[in-house]
Every structure is written in C-alpha cells, then in structure tokens.
Amino acid sequence: ARDIIIDTDPGQDDAAAILLALGSPDEINVLGITAVAGNVPLPLTQKNTRIVCELAGKVDVPVFAGCEAPIARKLITAEHVHGTTGLDGPTLPDPTMPLQKQHGVDFIVETLRERPSGSVTLCPLGPLTNIATALQRAPDISERIQEIVLMGGAYFEVGNITPAAEFNIYVDPEAAEIVFKSGIKITVMPLDVTHKVLVTPDRVQALRDCKTKVCDAMAEMVDFFERFDTDKYGSAGAPLHDPCVTAYLIKPELFSGRYINVEIETQSELTLGMTVADWWGVSAREPNAMFMGDVDAQGFFDLLTERLARL
Ligand code: BDR
Ligand code: CA
C-alpha cells in the first residue's frame, strides 16, 4: 500500500476523501492526517478530522493541527457551502480520540525525513498552507516527496470562489505558488474533473442502500453539501471534489489529463488565485504538473460506495 499524509480542511467532501482512503487499506496506508484552516477555521477542521476518523472506527490514525492562517493573507472560509460546523448534514458525536501535540507541519517534515526517500505521497485537500510552510521550513524534504496529489485550481471550469479562482488556491495563493514552483511531481484534480463527479439522487440512494453507519452519514453529508449547486449550475447534482484525490491513488485509470505548465496568479486583484494552466501548450514554459481533465464518474462513484461500505 502507498504511504500517504492527508492534509485537509473538512468539509463534507474532505470527509469523503478521508473515508475512501481509510476504507482502502490494500492500496492506501494513511500515516497521519494534518488539518489546515480553510472551509472553516482550524479548531473546527482538526475536530472534524477526528470526527471522521471515529466515524470510520479508525481512532489510531494520528491527527495533527497545522496552520491557522494563510502565509500572507487573512483566512477566507466557506460556511456558505459547508455550514457553520464545516460538516453540516449528519448528527455525529464529538470526537473522543486525541489531537496529537505535535504541530502538523512538524509531523510532515519529520515523517518525510524519517521514512525512505521517495516513499511518501502528500494529499492536500484544502489550502496549501501546511505543505508550503513545510517546504519553506525544511527545503530538504522536497526531493524526498514521492508525489503531491492535490485538489485545487481549474482551467475550463475557471472559478468557484471568484469568477477566476478555485477556493483552495484562492485562499492561499502564495502557498500554492511555492508548491507549483517546487519541482516536486504534482498531480492536480481541478474543477474540470470534480465538476464531472456529480452527486445525483441515484448515487445518494446507492449510499443509503448500503445500510451502514458510514454510508448513511456520507449520504447525509452529500445531501447537505453544495446543495445550492443544483440551482447554481443547473446540473443533475452537486460536485464532489476532494475524493478525486484518493480515488486517483486507488484507480488512476479512472482519470485522464495532460502534463502541462501551471502557474499561480498572486498579484492581480481581478484574477488572484487563478491557476494559469497551459492546456494547449502555447507558452514556452516547462510543464510542472499532471493536470487532470476527465474522469469516469460512474466508476468513481462505484468505487466510493464500495469502499465506504467496507468501513
Ligand atoms: C474545494 O474547496 C472546498 O470547499 C472543498 O472542500 C474542496 O476542497 C473545492 O473548490
Ligand atoms: Ca477541502
């Protein structure tokens, strides 16, 4: 199984990504989960991470709190999408498993230094603050990272928090720039992919049909999450972003994309946080990221439902 660290800001779709990983121990070994401020402030994202681990019955997964604010900006949150708790929908008990004392960034650095070089994959599902801070603090870890598989950015689908920017990149564009300029192997799940992964009524029903605690909770979460998107996009259901990252680790053949240059806009007020993705190869800039563009959406939902049912 592939060793990973999940970096996250739960978030109902973050919860789906975590549960998919925890339900797939043959393919994925979760070394630890670091929480970051994003959808809601850090006290809630670290708490929500533990709620999700407990829901899965995986109380031994170490959970760490990382950075509480972006590198150079004030935190922007998304309660309008995720509710005031960040995990609105199901009623889940407060966590009893502990929060680790170590800072999330220190855990990332220490794990990468202790484990064999090239054996640990980072899976960021929120703003890239923790990852960029780790890279700034310990530049030696950069060549030890196997790969970064992240949810963020967009090309054809452009923006969801501003007309030009996707939320995770917009919240901490300076952090995103550090990551995209790092030279580390990067695979990106942008809105171009996640907007194809739509939670239709049939797919919610498939979760309910499992009749397990985890699948029921996930059905409640996706019923709540971005419900407004059905009106917003006029689509059959709301997009489910973050589990594309963990699904990719299990079944990469579900996804296709292009290895291209991606730069982050950090200056312009109008297009701040935009991922300027050279999809057509019109610049002379070197490719730096595998930017996904398409997904087998039904294959993805079959995988998600099957693995969550195992928990
Ligand atoms: C991303 O923003 C958050 O609201 C979601 O959890 C996801 O990571 C989508 O733009
Ligand atoms: Ca997220």
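Author: Helices and strands here are DSSP runs, numbered from the N terminus; a strand has at least two residues. The model is predicted.

Reader: Where is the place of Val-30?

Author: S2 covers residues 28–35. Residue 30 falls in that run. The place of Val-30 is therefore, by the DSSP runs, in strand S2.

Reader: Is Val-30 buried or exposed?

Author: The cut-off for a buried residue is 20 or more other C-beta atoms within 10 Å. Val-30 has 22. So Val-30 is buried.

Reader: Which residues does Val-30 touch, not counting residues up to four places away in sequence?

Author: Contact needs C-beta atoms within 7 Å. Sequence neighbours up to four places away are left out. The residues touched are Ile-4, Ile-6, Ala-21, Leu-22 and Val-61.

Reader: In which sense do S1 and S2 pair?

Author: S1 is residues 2–8. The pairing with S2 runs over 7 bridges. In S2, Thr-34 is the bridge partner of Asp-7. The sense of the S1 and S2 pairing is parallel.

Reader: What helix lies between S2 and S3 in their β-α-β unit?

Author: The unit is right-handed. Its helix covers residues 42–55. That helix is H2.

Reader: Which helices each supply at least two residues of the shell around ligand 1?

Author: The shell has 5 nonpolar, 6 polar and 4 charged residues. Among those that come nearest are Asp-13 and Phe-167. The helices are H1 (12–22) and H6 (167–171).

Note on methods. Residues are numbered from 1 along each chain as its sequence is written. Chains are lettered from A and ligands numbered from 1 in the order in which they are written. This is a predicted model: local features need pLDDT of at least 70, side-chain atom pairs count only at pLDDT 80 or more; totals for chains, interfaces and linings use all residues. A residue is near a molecule or strand if its C-beta atom, placed from the backbone, lies within 6 Å of it. Helices (H or I, at least four residues) and strands (E, at least two) are DSSP runs, numbered from the N terminus. Ala, Val, Leu, Ile, Met, Phe, Trp, Tyr, Cys and Pro count as nonpolar, Asp, Glu, Lys and Arg as charged, and the others, Gly among them, as polar. Two strands pair if DSSP finds at least two bridges between them. A crossover is right-handed if, with the strands pointing away from the viewer, the path from the first strand over the helix to the second runs clockwise. A residue is buried if 20 or more other C-beta atoms lie within 10 Å of its own, exposed if 12 or fewer, and partly exposed in between; C-beta atoms are placed from the backbone. Two residues are in contact if their C-beta atoms, placed from the backbone, lie within 7 Å.
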